[in-house]
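Have the sequence and the 3D view at hand as you read.

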Amino acid sequence: MAVDKHAHTQGQGGDKAALATARGRRFFFGANVIVVTLIALALVVAVNWISQAQYKRIDVASSGLFGLSDRTKRILDESAAPKITFTSLYTSTAPDKARDKYLPRIRDLFGELEDYSDKIEVRHLIDDDAKRELIDRIKAKYGGKSGEYREAVDLALGTWADTAEWLTATAQSYGQLMQNRQWISGFATFAKIQAELTRDLDDLQQAHREVEEAAGGQGLPRYEEAKRKIETTNSAIKGHLEEAQKWFVALEKAAAMMADPQAEFAAASLGKLEELRPLVTELQVTIGDPADESVPDDATPVLQSFARQAKILSAWLTAERSRVDEFVGANDVVSGHFMWAVKVNPLVQIELPDVLSMTQQNLDEWDQQIRQALGSGQPKDVLQSVVRRLRQVGSDVANNLGVWDKQLQAFLATWQKIDPPSKELLEQAKAGELFTAQIAGLTEIETKLAALPELKMEDTVSKFDQDNLVVVETEDQVQVIDFDTMWPQSDPMGMPGDEDIERRVFNGDAAVSAAILALGHKEPFATVVLTVYEPSSGPPQMPGQPPQQQPRYGPIPSRALTKIRERLEQSNFAVKEWNLANDEPPPAAEGDRPNLYVMLPPAGPPQQNPFQRPPPDEKNFGDAEVEKVRAVLKAENARAIFVAGFQWPQVSFFGAQPAVYGYEGLLRDDWGIDVRFSQRVIRGVPDKRDAERYGVSISRWGHMRLNSFNEDNPIGAPLRARRCLFLDVCPVVQAETVPEGVTIDPVLSVPATGGRSEFWAEPDVIHVIRQIRSPKSDGTVVKSPEAVDPPFTVMLTAKNTETKSEILVHGAGMGIVDRYLDERVMRLGAEEQISFDPPPTENGELLLNALYWLADKPTFIAAGPVTAPPVQPIETGTQHALQAFTIAWAILVLAAGGVVMYVRRR
Amino acid sequence: MRNILPLTQRELAASFYSPIAYVVGCVFLLFTGYFFITGVLVPGNEASMRPLFAAMTGTLVFAIPLLTMRAVAEEFGSGTIETLMTAPVTDTSVILGKFFGVFVFYAALLLTTVPHLIVLLSYSDPQLGVILFGYVGMLLIGALYISVGLFASCCTRHQLLAAIIAMGILSAFTFLVDYFADFVGPRLHGVLMAVNVPAHFDDFTKGILDTKSLVFFISTTVLFLFLATKVLESKRWR
């Protein structure tokens, strides 16, 4: 080996040089590595940065399962809001709403939204602090309008505090007056006022607390609720105070008049008493003393004399009664004094003037009897006994009129002795100082409330009490999507298993797009004209009487469509109403905005009494109204929905009156559509024992599941996977003759099934109901012989190629009323447990889809949930086998490894 | 490049002859089987392998480091690294050879979940395209995890330590980032989401090809392979 002389001769110095060179090399390599690493890192960051800014998302395989629909993308693009924030508040741990189960899809959706548009920000909140911050932010959004509500609430609470103080003092002072038996306490009304003030104080304090809680408690202030509470309480208390004020003023006037003994009534009354006394004395003298047993042999003159005197007295009493009644009629308040009442016995109390009437009637009766007795030639002893009897009557009359005399004098005297506290109260009433200030304060509250703008916050506020929400915000508006809207119940066709199992389907795309649409109000697409026939008066209750001033409504009254109206306005439709009963033309279309008519079933004729002719001015839906509608549909590009359904026959004492559907003829003749409104589609439960019998479940009767929509029709296709429940469905089918140029397409049908169908269209519903109600009923029914088996359609569209008009006839439209859309659906589950499912809002969505279709905006129809097919049921045995397989498979892999090890070793 | 194939074969053979690989495979299949039965094959649920893929992502955070821990660390421990270093192969070839070797083994491990898919197909009609795309995502995520595992294995001669380092890095990018992303402000949220592995993987399970995610996986895999190469290189001159 060659010797490195250089290194050897250098010795230690050579080693140092070598070391320095190695260190230097390491430094160089190390620095090089660091620099290169930093460059690589920077490169990776740069590449990812660029890819974040410039990227493409391609739905390679999911077929819309996870991506945004075109509708949602379009709505986002057209939304005027510069920024939209989506916040999920999925916090529930309840098994049926578990966050872990339902939040992941929300995250997917939010991810897609965030990726789609830069103006979208998403957040997921899971703790209470973040929720409180969100609530504060939403509170601030309603700033302007809610500020006015805040002012109104503060005014109300402040005024109420003062009113409560005043009520306390006033009720106490009135109570003191009653305790001290002051003059004014003699009036029952005063006691009633005092009691009312005390109650009003309690109500006011209660309302104060409730309003404070509603407007200032935890969470969002419930201003609408507070406003309603203030209005109710304020109105009640103000009404009581006004009534009381009126009474005090009237009392003051009466007191002023009655306090003067020379006033007309007092003077006249005293004068009348002077007249009365001799009349009574004369009567008594005429008939004699009851203690006197002797009776004249000939009683006739006595009786005649008595009758004469009785008649005079009776006439006087009648006149006096009239005079008194006239006075009381003009001064009603005086009759409220306790002295104006007389106790006839411990239990019965009558008004003082009734003494006069009773006495007068008594005298008239006896006068009659005397005439009869004298005219019928009664024997002497009978007449004598009459005399004895009349002596008692005379005494009674004297006693009763003595009561009148005494009581009236005392009554008149009491008005002269009004004590100072009572006088003071009357003075205040006269000066208008009694309740005026308080009434003015309450009126101010009323005025302030009436001027408040609509807040439209109630829906948002009420939803915040629920779990699992999505909040969609723009700068100044908020929409809340609740759990049932985001995850509605599903009803996948053909899914085996019973209806008890709650399945939900993700409808986030449609829910989010609807919320964004509701936030950004732009020019409405079209005007929905709700067309009704509701005459404003009904027939008179009795002949000769004026008509009843109450409208007559059809099966879908216009007043029961507030939910639908709200939904339409949120979905960018304007809403108007056209009442065919009012002789007015249809609303004119505004600019380019088309009118879409929704023809609600007209009110039928009132129940007829066969024994009575209908009044000549009775209004009924008829040819004139049909012509109006026909004229609308004959216009080019006319669009209309005819809402129909099963019409119940009117059953009355006079029998069943067949149902009518006013548009039946028009639809059949002009469009070739037959609305079989007298048939009700029933979904029974086939009886396993008897092929002819069906069980009728209450839930199916009121909420019939049907979602066999035509998948090629955009109106119903999105709802195929949804739980669609309908009420009073009737078949709507193509007629035998269809006019030329009209094409008809089905939207919703009841399909035929291979075997026994659960559905049928029943023309004799009464027959079915009778079977159910029969004492011998086993809960099952038999179809009537005229029942129609499926297939048949219940919803059709029709197009007229000449006029380019389009209509939709909706035989399942009865479920669009508020009550139906609002009420949760009762379900009887396993072991007869009752649970409640969300309301059938799909009815509203179906109508909305139809309107979008009619408005030529099919892209705005919500795509509906896109779901992967579900996993089919697996038998328990198979499940266990599969579990064993997964374990065995893992062990097999381990065993394979063992074999490999063994073979290798060998 | 021609040196990579023998190295791959060598690594593959080592993997298949390693008892740890079979133990990891067995445990992996037990976990996936459990998640399949309880999360996927539930009657009434949507027919989708997404729950399984999500569970596998979490399992792989612990499984792959156990597969890769011996890749380089064992060479140091047994002394065979000298032979490797002096062989006429570049460090890059060594790393790539080991990477592909483990990757092929990993792909074989993924294939063992195909019976689950067959069972699912027997009881439902899932969207096959989505599932296959999910497997593509699994391969990408596996590649990333293997590259991190290799990097960790290069950093130390102790296999267990290599596994722990790899699990630590993968846990940070898989669990911690995903968890904290919901609690931070919008800017930091954006940064965290850019490095959030499950979020990038999620698109593949939905059948959506997002170029952001593709670039993320490829670039970070390459980065860690590069870092592993540099660490290995540094062993020469230290």
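Over chain B the average is 88, and 99% of the residues score at least 70.

Some ground rules: residues are numbered from 1 along each chain as its sequence is written, while chains are lettered from A and ligands numbered from 1 in the order in which they are written. Because this is a predicted model, local features need pLDDT of at least 70 and side-chain atom pairs count only at pLDDT 80 or more, while totals for chains, interfaces and linings use all residues; side-chain values use heavy atoms, with hydrogens and water left out. Helices (H or I, at least four residues) and strands (E, at least two) are DSSP runs, numbered from the N terminus.

**Two helices in chain B**

How do H3(B) and H10(B) lie relative to each other? They are roughly antiparallel, a label for angles over 145 degrees. The table has the two contact sides, where contact means heavy atoms within 4.5 Å.

| Helix | Residues in the contact |
|---|---|
| H3(B) | Arg50(B), Phe53(B), Thr57(B) |
| H10(B) | Phe201(B), Asp202(B), Thr205(B) |

The axes of H3(B) (residues 50-78) and H10(B) (residues 197-205) come within 10 Å and cross at roughly 150 degrees. Axes are lines fitted to C-alpha atoms, for helices over the stretch in contact, and angles run from 0 to 180 degrees between N-to-C directions.

Over in chain A, three strands form an open sheet in the order E16-E17-E23, with antiparallel pairing. Two strands pair if DSSP finds at least two bridges between them. E16 (685-686) and E23 (780-782) of chain A are the edge strands, each with a single partner, so one side of each has no neighbour in the sheet. Helix H22 (residues 765-773) of chain A packs on the sheet, touching E17 and E23 of chain A, and its direction makes about 145 degrees with that of E23(A). Two bridges join E16(A) to E17(A) (residues 693-695), and Val685(A) stands opposite Gly695(A).

Pro790(A) and Pro791(A) are joined by a cis peptide bond, with omega about 20 degrees. Pro791(A) sits in the loop between E23 and E24 (792-800) of chain A.

Technical notes. pLDDT = per-residue confidence, 0-100. Parallel < 35°, antiparallel > 145°, perpendicular 65-115°, else oblique.
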